[in-house]
Amino acid sequence: MLSADQLAENVAAYHPEADLALLRRAYDFSQRAHEGQLRKSGDPYFIHPVSVASLITELRLDVGSVCAALLHDVVEDTEVTEADLEREFGNEVAFLVEGVTKLSKINFASKQDRTAESFRKLLIAMNRDIRVLVVKLCDRLDNMRTLGHMSDEGQERIARETMDIYAPLANRLGLARFRTELQDLSFKHLTPDAYVDVSRVFDATQTEREAAVQRVCQSLAGKLTQQGFACHVTGRTKHLYSIWRKMQERQCTFEQVHDLTAFRVVTESVSDCYAALGVIHSLWTPVPGRFKDFIALPKPNLYQSLHTTVFGPGHQRIEVQIRTHEMHRVAGQGIAAHWRFFEKISGGIDPKKAAEFAWLRQLMESQDEMKDSAEFLESVKIDLFQDEVYVFTPRGDVRAFPRGATPVDFAYSIHTDLGDHCNGARVNGGLAQLAYKLRNGDLVEIMTNPDQRPQKEWLDSALTAKARGRIRSYLRDTQRDKSMKLGRDLLEKALHEANISLKKIEKNRVEAAQLCETLGYSKLEDLFVHIGYGKFKPQDVILALTPTAEPDSSRRSLPPPSIRQGRIEAFMRKVTGRSSHGVLLNGVDDVLVRYTKCCNPLPGDEIVGFLTRGRGVTVHRRSCEKGFEADRERQVAVAWDPNAKINRQVQLKVTTANRPGILATVGQTFHGAGINLSEAACRAGEDGRAENLFTFLCADLAQLKTVMKRLGKVEGVVEVLRL
């Protein structure tokens, strides 16, 4: 563990005028606050914030960031408050710490909600000061390095979150070293057997591989020097997770992955980069279609380089990256190399740099559009996915999208109105369907119609958070309008039978306000919507409007909406007389439940319920796409009944190598997990793989995870997916 003096020396080496006294005070303050606390490993807790601070100094960030790293857990894990930090260290440090702090003081319905809302809070803070995210990434990296001391469930949950969100975020910030280590550590905990196998072969061939890398470096450097270039050439082997992904994609062994190594040429100028490229292509034959110019078209994280793949010595494929010294510095430090471009606290991102960080603006827009936690988190995973395509607007501007994006995503990225009225697209001058998958270099032009409106079918094409969020928002508003009209019609009819005029109530603002206050609504429109959805009865409105028998008493008051939930339960009891269906509605078990086929929830899954007219409660998994499209006005709180014994039908898609005996082994694996298959459909492909759909009854999520984990260990099984 570094001492305060050692940390101060690290900062002084790149920032001689830094306030080192502030750093030492933060060090001592954090040490006192965490005194007596231990990590799960048994080590003193204070080791963690010091390690995070050390990572910050490696990125050469300012003293405020180092202090925030030292103090990032004191508000969450000790009695220290944000006000205490502001008083001791000022607004800047307090803000950075508050931005990193999780929402630990608030009760959420699920771990997924807590994760999503913590990330939403982090996103808002990092939009004001990007250093918040850099500190968070350093925190996550140090936690991942010691993840082995967590429970198996905790390891899997944190590793999955890291792989899906934090590794892509590190990539977006240009922190390549962080990304690769986060991916390798996640790989280690998510698929430990595969990690061990790849590591073993990797270590066994390291000496031979390093010798080959050295020979190529000498050959390449000699040729470039001979041509008059002042350059530096290095080589490296790709990291474990990257190698494993190639093995999975190509269905090959470690020895059959030929492009294991990458070489880097650092030159003096941009013109030297292009000239060096010509020398390399004259030395070795380039692989067609494997050249990328990230100098002319930088990545969204500001990364610049020329990438080419060539047939090197022994006809082995090798990748060469060519860049200048400044590009190399940015590639190593990422956004940390530009942190001075960001104004602190109040100003947000410098407008000159805003265009280069459009992805951050898009994330902010998505969190504004999506109020549901699960929907927001799923959209973030898509938008942060590292595989991207670069397309052009008619003006020649370059825009980056996740691979698989369509003209619908393109239209919404330009402007919401353009997306709402989009009715076609021209790609490279020709007409293209809205479902067309954008490709690198496409020139896209959107055609509009003022009468066009978002369609539900667009959700099958849209990929980005902004597009999907806007389409869903429009569809929900449309649903709400229909329910509002239906609810008003139902209420008007019931009131007419009771000789009460709804129109008179609507005209009399005082009476309307009193009625809404009595029923617990802010306005009549909300009442109409709930009546339309069946969450409130017209008869209850009549009760509130009808005077009681006592002359001095006022109109009958109804309980607030939280208590009125009981009426929903009572209504459900009338609909069905059957016993528990495995789901509780606010603790009540005799409700009519319809499990959706779109996501097929299992006991143990996080679930959400939606009230439907005449069909009870429809239950979705919280991450279900169809659930995201439902109106939140109809949402009700549901939970699994721990006393119910139910078996739900589940489908798994198991992709395997197409070889004899593999199906028998897979079948034995199901049998060993106590599962009896009810249906199997198998289809062999031309790529040497087979796709197998297995249908069976499963008791809960734990049993499903067990069999999926066992299947993943079977030799020849490529992928196991729950459908």
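The model is predicted, so local features need pLDDT of at least 70, side-chain atom pairs count only at pLDDT 80 or more, and totals for chains, interfaces and linings use all residues. Residues are numbered from 1 along each chain as its sequence is written, and side-chain values use heavy atoms, with hydrogens and water left out.

**Overall build**

- The protein chain holds 29 helices and 21 strands. Helices (H or I, at least four residues) and strands (E, at least two) are DSSP runs, numbered from the N terminus.
- Of its 723 residues, 50% count as buried. Buried means under 20% relative accessible area, exposed means over 50%, and partly exposed lies in between (1.4 Å probe, protein chains only).
- The accessible surface of the protein chain is about 34700 Å², and 49% of that belongs to carbon and sulfur atoms. Areas come from the Shrake-Rupley method with a 1.4 Å probe; for residues, only the protein chains shown count as cover.
- Among contacts between residues at least 6 apart in sequence, 65% join residues at least 24 apart. Contact means heavy atoms within 4.5 Å.

**Nonpolar cores**

- The largest nonpolar core has 60 residues. Such a core is a set of buried Ala, Val, Leu, Ile, Met, Phe, Trp, Tyr and Cys residues joined through side-chain atoms within 4.5 Å.
- Val11, Ile56, Leu71, Leu85, Phe89, Leu137 and Phe178 have the most contacts inside this core.
- Leucine 71 is in contact with Ala26, Phe29, Ser30, Leu85, Phe89, Val93 and Val97, leaving aside neighbours within four places in sequence.
- Another core, of 22 residues, lies apart from the largest one. Val265, Trp284, Leu306 and Ile322 are among its members.

**Buried helix positions**

- Helix H25 spans residues 538-545 and is mostly covered, with six of its eight residues buried. These are Pro538, Asp540, Val541, Ile542, Ala544 and Leu545.
- Aspartate 184 lies in helix H10, residues 176-190. The residue is buried yet has no salt bridge.
- The nearest side chain of opposite charge to aspartate 184 is arginine 179, 8.5 Å away. Lys and Arg count as positive and Asp and Glu as negative; His and the chain ends are not counted.
- Aspartate 184 touches Tyr195, His239, Leu240 and Tyr241, not counting residues up to four places away in sequence.

**A four-stranded sheet**

- An open sheet of four strands runs in the order E13-E15-E14-E16, with mixed pairing. Two strands pair if DSSP finds at least two bridges between them.
- Strands E13 (593-595) and E16 (635-636) stand at the edges; each has a single partner strand, so one side of each is left without a neighbour in the sheet.
- Strands E14 (residues 607-612) and E15 (residues 616-621) pair in the antiparallel sense over six bridges. Glycine 609 stands opposite valine 619 in E15.

**Salt bridges**

- The count comes to 21 salt bridges. A salt bridge is a side-chain nitrogen of Lys or Arg within 4 Å of a carboxyl oxygen of Asp or Glu.
- Lysine 238 bridges to glutamate 319, with the closest N and O atoms 3.8 Å apart. This pair links distant parts of the chain, 81 residues apart. Lysine 238 sits in the loop between strand E1 (232-237) and helix H13 (240-250), and glutamate 319 in strand E6 (residues 317-324).
- Lysine 238 is buried, at 8% relative accessible area. Glutamate 319 is also counted as buried, at 14%.
- Lysine 485 and aspartate 489 meet in a salt bridge at 3.4 Å, N to O. They are four residues apart in helix H21 (residues 465-497), so about one helical turn separates them.
- Lysine 485 is exposed, at 56% relative accessible area, while aspartate 489 is partly exposed, at 36%.
- Lysine 653 forms a salt bridge with glutamate 691, and their closest N and O atoms are 4.0 Å apart. Lysine 653 is in strand E18 (residues 648-657) and glutamate 691 in strand E20 (residues 689-698), 38 residues apart. Glutamate 691 counts as partly exposed, at 34%.

**Leucine 693 in strand E20**

- Leucine 693 lies in strand E20 and is partly exposed, at 30% relative accessible area.
- Leucine 693 and leucine 652 are 41 residues apart in sequence but 5.8 Å apart in space, C-alpha to C-alpha.
- Leaving aside neighbours within four places in sequence, leucine 693 is in contact with Leu652, Lys653, Glu679, Ala680, Ala681 and Leu723.
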